[in-house]
Amino acid sequence: RWPVSPSGCLSYMPCWVVGLVLLVTAATTAATAAAAAAVSWLVPNHMPTSKLLQSFAFHAVFQIAGISQRLLELHALLGGGADIDVIWMVTREPQLLTASRVELMSRLMDMKLATAAAGIDVVKVVERQPSLLLLDGSSPLADWSQLDQDELRELIQAWECGVASDSDPEWRRRADQLRDYHRQHGDTSVGYRDGDDTDLARWANKQRRELSAGVLSADKAQLLAELNFEPDEDEAEWLRWFLELARFKEVHGHASPMSLSAGADFYLINWCSVQRVAYRCKVLSQRRLDLLNSIDFDWSGADPLS
């Protein structure tokens, strides 16, 4: 364990965290310095280039030092425990590096107050779902002072899925957003397309968990069924690509995108390859087989994975 003092008081941080930061700093500095030296040696009279690389080296060092300081601050904000993986949190939510420290602390304190009587380890909750610290005013925490024990338990379950609140009003609002998504894309596979609303995706995953566990109320389950909501995450992602392929066929007249096909998407081509391999290995489900046959999918097509 390595003693550090990010704000004038002694705290502790796992050695591997500090070691990683120092390693990245050293590697970046060494690589940039080497590049600057090489340019100075190869082109000694080309001073602007050399100065540019030196400037970049200093900038890189200061930038990494700033990230290191931010990681230490975040670690201290969460209590400084040796088992808190702030690097994993920042990897999932890079905005933690630039978010206001005051706002992060305020959100954390609100969550701790909300669950003070329930004995919940809020720090572990936000470590698993760091997005909870970044929710803005459009996703306020529930008014915990007005919650009974059952409502508080539901709130904590929502947090476990990265959702600030899943009260009835909030649920209806998210359902309306899901309806709009269905209207736009033709499915409810939110979270599997670039640019999807991450908050809505987390909410959708929570509904899948509750549907699978059989704990979602009948009226909510019925509303999701009307939108053809897919309760299985793997199947939801598969359907997203199947609809992409169906749209490809509408445009091009066939369902066999190849590398030379106009408008063929690289990821869609690879997805089709995976379906052929699954079919040949006899691991493709009957439902998927029937859907692909319904759009005349070419099972004999040559592809990189064949």
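Predicted model: local features only at pLDDT ≥ 70, side-chain atom pairs only at ≥ 80, totals over all residues.
Q: What span should helix H7 have, and how far apart are its end C-alpha atoms?

A: Helix H7 covers residues 168-185, and its 18 residues should span 26 Å at 1.5 Å a residue. The end C-alpha atoms of H7 are 25 Å apart, which agrees.

Q: Which elements does the protein have, and in what order do they run from the N terminus?

A: There are 12 helices and two strands. The order from the N terminus on is β-β-α-α-α-α-α-α-α-α-α-α-α-α. Of the 306 residues in the protein, 40% are buried. Among contacts between residues at least 6 apart in sequence, 60% join residues at least 24 apart.

Q: Back to H7, then. Which of its residues are buried?

A: The general idea comes first: an α-helix has 3.6 residues a turn, so residues three or four places apart point the same way. In H7 the buried residues are Glu170, Trp171, Arg174, Ala175, Leu178, Tyr181 and His185. They cover an arc of only 135 degrees around the axis, which puts them on the same side of H7. Pro169, Arg183 and Gln184, on the other side of H7, are exposed.

Q: What do the buried residues of H7 pack against?

A: Their partners are helix H8 (198-213), helix H9 (218-226) and helix H10 (233-252). As for what follows H7 in the chain, that is Gly186, with a positive phi near 85 degrees.

Q: How do I describe the way two helices pack?

A: Two packed helices are described by the angle between their axes and the distance between the axes. For H7 and H9, the axes come within 11 Å and cross at roughly 10 degrees. Angles under 35 degrees count as roughly parallel, and H7 and H9 are therefore roughly parallel to each other. Asp168, Trp171, Arg172, Ala175, Leu178 and Arg179 of H7 make this contact with Asp219, Lys220, Leu223 and Leu224 of H9.

Q: Is Lys220 buried or exposed?

A: Lys220, found in helix H9, is buried, with a relative accessible area of 11%. Leaving aside neighbours within four places in sequence, Lys220 is in contact with Asp168 and Trp171. The C-alpha atoms of Lys220 and Ala175 are separated by 9.1 Å, although these residues are 45 residues apart along the chain.

Q: What do the buried residues of H10 pack against?

A: They pack against H8, helix H11 (266-280) and H12. Among the buried residues of H10 are Trp238, Leu239, Trp241 and Phe242. The axes of H10 and helix H12 (residues 286-294) come within 11 Å and cross at roughly 10 degrees. H10 and H12 are therefore roughly parallel to each other.

Q: How many residues does the largest nonpolar core have?

A: This core has 20 residues, and those with the most contacts inside it are Leu74, Leu78, Leu96, Leu108, Val126 and Leu133. At least two of its residues come from each of helix H2 (47-77), helix H3 (86-92), helix H4 (101-114) and helix H5 (122-128). Apart from it lies another core, of 17 residues, including Phe248 and Phe297.

Key:
Residues numbered from 1 in each chain as written. Heavy atoms only, no water. Helix = DSSP H or I, 4+ residues; strand = E, 2+ residues; numbered from the N terminus. Expected span 1.5 Å × (residues − 1). Buried < 20%, exposed > 50% of the residue type's maximum accessible area, 1.4 Å probe, protein only. Arc of directions from axis to C-beta. Contact = heavy atoms within 4.5 Å. Core = buried A, V, L, I, M, F, W, Y, C linked by side-chain atoms within 4.5 Å. Axes fitted to C-alpha atoms, helices over the stretch in contact; angles between N-to-C directions. Parallel < 35°, antiparallel > 145°, perpendicular 65-115°, else oblique.
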